[in-house]
Amino acid sequence: DGLVLYTDGVTEATNRDLALYGEDRLVGTMRGLLGAHDAGALIGGILKDVDAFVDGTEQADDITILAFKFVARVAEA
């Protein structure tokens, strides 16, 4: 289980054609990263996809992502 918080700068990141990154792409990216070993890897994967999408287009807004991932511990007997 986990929680991902992000600013609108993620979903409103634009490419050269002025298309928005969007929530659907963000959700798809996160689904593809479900096996990420930690929250840092999840954030890194999202940022990598946003960077690929914008392809060098100047950033117009802040991009902030905060993620938490719950890892269950097995109790020792």
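Visitor: How do the residues of the lining of the largest pocket divide into nonpolar, polar and charged?

Guide: They divide into 8 nonpolar, 1 polar and 3 charged. Ala, Val, Leu, Ile, Met, Phe, Trp, Tyr, Cys and Pro count as nonpolar, Asp, Glu, Lys and Arg as charged, and the others, Gly among them, as polar. This is a predicted model, in which local features need pLDDT of at least 70 and side-chain atom pairs count only at pLDDT 80 or more, while totals for chains, interfaces and linings use all residues. Residues are numbered from 1 along each chain as its sequence is written, and side-chain values use heavy atoms, with hydrogens and water left out.

Visitor: Which residues line the largest pocket?

Guide: The lining is made of Asp-1, Gly-2, Leu-3, Val-4, Met-30, Leu-33, Leu-34, Ala-36, Asp-38, Leu-42, Phe-68 and Lys-69. Two elements, β1 (2-6) and β2 (65-69), each give two or more residues to this lining, and β1 gives the most, with 3 residues. Strands are DSSP runs of E with at least two residues, helices are runs of H or I with at least four, and both are numbered from the N terminus.

Visitor: What makes a space a pocket?

Guide: On a 1 Å grid over the protein atoms alone, a pocket is an open set of points with protein on both sides within 12 Å along at least five of seven lines, whereas a cavity is a set where a 1.4 Å probe fits but cannot get out; lining residues have an atom within 4 Å of a point. The largest pocket has a volume of about 190 Å³, a volume being the space filled by probe spheres set on points that are joined across faces, edges and corners.

Visitor: How much space lies in the second largest pocket?

Guide: That pocket holds about 150 Å³. Its lining has 14 residues, of which Ala-13, Val-54, Glu-58, Gln-59 and Ala-60 are the closest to its centre. Helix α3 (residues 39-54) gives the most to this lining, with 3 residues. By class, the lining has 5 nonpolar, 5 polar and 4 charged residues.

Visitor: Why is the pair of Tyr-21 and Phe-53 called edge-to-face?

Guide: Rings of Phe, Tyr and Trp (its six-membered ring) pair if their centres lie within 6.5 Å, and planes under 30 degrees apart count as stacked, over 60 as edge-to-face and the rest as tilted. Here the centres are 5.5 Å apart and the planes stand at 80°, so the pair is edge-to-face. By this rule the count comes to 1 aromatic pair. Tyr-21 lies in the loop between α1 (8-11) and α2 (22-32) and Phe-53 in helix α3, so the pair ties together parts that are 32 residues apart in sequence. Both Tyr-21 and Phe-53 are buried.

Visitor: Why is Thr-29 called buried?

Guide: Buried means under 20% relative accessible area, exposed over 50%, and partly exposed in between (1.4 Å probe, protein chains only). Thr-29 has 14%, so it is buried. This residue is in helix α2. Leaving aside its neighbours within four places in sequence, Thr-29 is in contact (heavy atoms within 4.5 Å) with Tyr-21, Gly-45, Ile-46 and Asp-49.

Visitor: Is Leu-18 buried or exposed?

Guide: Its relative accessible area is 68%, so Leu-18 is exposed. Leu-18 sits in the loop between α1 and α2, and its phi is near 65°, a positive value in a residue other than glycine.

Visitor: What makes Asp-55 partly exposed?

Guide: Asp-55 has a relative accessible area of 47%, so it is partly exposed. Asp-55 is in the loop between α3 and β2, with a positive phi of about 50° although it is not a glycine.
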